[in-house]
Amino acid sequence: MKFIPIICSVFLLGIIFISKPPLKIQNDTIKLNDIQIIGSHNSYKIAIEEPLFNLLLQKDSSLKSLEYEHIPLNDQLNLGLRSLELDVFDDPDGSYYSNPKGLDFIKEKGLAPLPFDEEKKLQEPGLKVFHVQEFDFRSHHLLFKEALEELKIWSSSNIGHTPIIITLNAKDGQIPQTRKPFPFTAKALKNIDKEIREVFSEEQLIVPDLVRGNFNTLQEAILANGWPNLNDVKNRFMFVLDEGDTKADAYISNFPNLEGAALFVNKEEGNPTSAFRIINDPIKNFDKIKNLVSKGYLVRTRADANTKEARTNDYKRFEKAKNSGAQIITTDYYMPSKLFKSDFKVSFEDGTFEKIQK
């Protein structure tokens with residue numbers, strides 16, 4: 001059976017995604033870190049088409065962890081998700097990722113691959129969005145700036161929405177049998193800021209300067225004063241660099257003390273720039289997450305990973321994520337999978353994706 005991307009399936013079923021109403025805030029004491037939202041992991045991803053996926057599984061059965069997909073970004077937001085994740089690859093001159101090997105593998109089997117990048121967007125210079133070069137390359141938005149523009153359009157049509165928190169992976173790791181990505185140097189990391197600010201104004205962003213206010217450091221601000229009131233930052237976007245110390249430090253070298261930065265960084269507590277922590281395993285790190293949340297940090301964790309929980313309908317990780325108090329919980333399954341049999345679906349008890357914890 002030929003693979004059909006989920007968006008086609010959604011269209012054929014006649015499902016219409018209607019935007020959820022804004023989260024109702026009864027008073028001005030609710031802060032950004034008092035809410036809990038569910039978002040998606042690798043939010044841009046279109047499933048690997050079936051012939052190529054089967055070839056990959058023959059080489060490595062563990063690659064079944066790649067068997068997931070997402071509907072377009074604006075449809076996710078219309079469902080009520082309020083956090084997204086994007087992987088970006090640097091491509092300063094353009095065209096570097098235009099001809100993924102996966103297409104040739106399908107042709108070598110005598111099959112015709114699905115259309116790919118017919119508008120030649122990958123030829124444009126700038127940041128690209130996909131999961132794995134060569135093999136998991138299908139994306140609802142191949143261009144980072146194009147994804148941002150769609151989010152901006154959605155926001156302008158949904159005034160009053162809870163801030164959208166977007167984590168970014170700056171990907172430059174080489175995987176066997178794939179081309180080597182351009183490294184994310186300090187200069188390349190600064191280009192992430194550049195592309196964000198070409199789309200969003202300062203008034204549309206939650207940035208470190210806004211949260212720091214008159215305090216000397218970001219960490220001082222969130223520990224002493226907390227995050228902004230939710231009503232004051234509605235309709236905004238917040239971007240976080242989901243990387244370790246090497247890239248975080250390279251990014252900070254462009255913006256000492258994160259002054260003028262568009263991104264928050266995932267620096268461990270105790271660092272002057274620490275305010276947002278990414279701790280993906282809420283079972284192993286349950287107590288740590290609870291402690292960080294109690295101090296005022298924003299924490300992102302995951303309800304599932306590598307398709308494991310979905311294949312076994314295991315909600316233990318999600319329950320721990322909720323009970324930890326982590327404000328952002330990401331999943332691949334805000335809708336049950338259409339790629340394998342499973343009823344696994346992550347949402348709050350009332351079927352929504354955002355709530356107030358306070």
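Visitor: How much space lies in the largest pocket, and what makes it a pocket rather than a cavity?

Guide: In this predicted model, the largest pocket holds about 430 Å³ of space, as filled by probe spheres set on grid points joined across faces, edges and corners. Of its 14 lining residues, the closest to the centre are Ile 46, Pro 115, Phe 116, Asp 117 and Ser 139. On a 1 Å grid over the protein atoms alone, a pocket is an open set with protein on both sides within 12 Å along at least five of seven lines, whereas a cavity is a set of points where a 1.4 Å probe fits but cannot get out; lining residues have an atom within 4 Å of a point.

Visitor: Which residues line the second largest cavity?

Guide: The lining of this cavity, whose volume is about 60 Å³, includes Tyr 97, Asn 99, Phe 116, Glu 134 and Arg 179. The structure holds 2 cavities of 30 Å³ or more.

Visitor: Why is α6 called roughly perpendicular to α9?

Guide: Helix α6 (residues 186-199) and helix α9 (residues 245-254) pack at about 70°, with their axes 8 Å apart. Angles of 65 to 115 degrees count as roughly perpendicular (under 35 is roughly parallel, over 145 roughly antiparallel, the rest oblique), and therefore α6 is roughly perpendicular to α9. Contact, meaning heavy atoms within 4.5 Å, involves residues including Leu 189 and Asp 193 of α6 and Lys 247 and Tyr 251 of α9.

Visitor: How confident is the predictor in the chain?

Guide: The average pLDDT, a confidence from 0 to 100, is 93, and 93% of the residues score at least 70. Over residues 1-16, however, pLDDT stays under 50. Residues are numbered from 1 along each chain as its sequence is written. Local features need pLDDT of at least 70, side-chain atom pairs count only at 80 or more, totals for chains, interfaces and linings use all residues, and side-chain values use heavy atoms, leaving out hydrogens and water.

Technical notes
Axes fitted to C-alpha atoms, helices over the stretch in contact; angles between N-to-C directions. Helix = DSSP H or I, 4+ residues; strand = E, 2+ residues; numbered from the N terminus.
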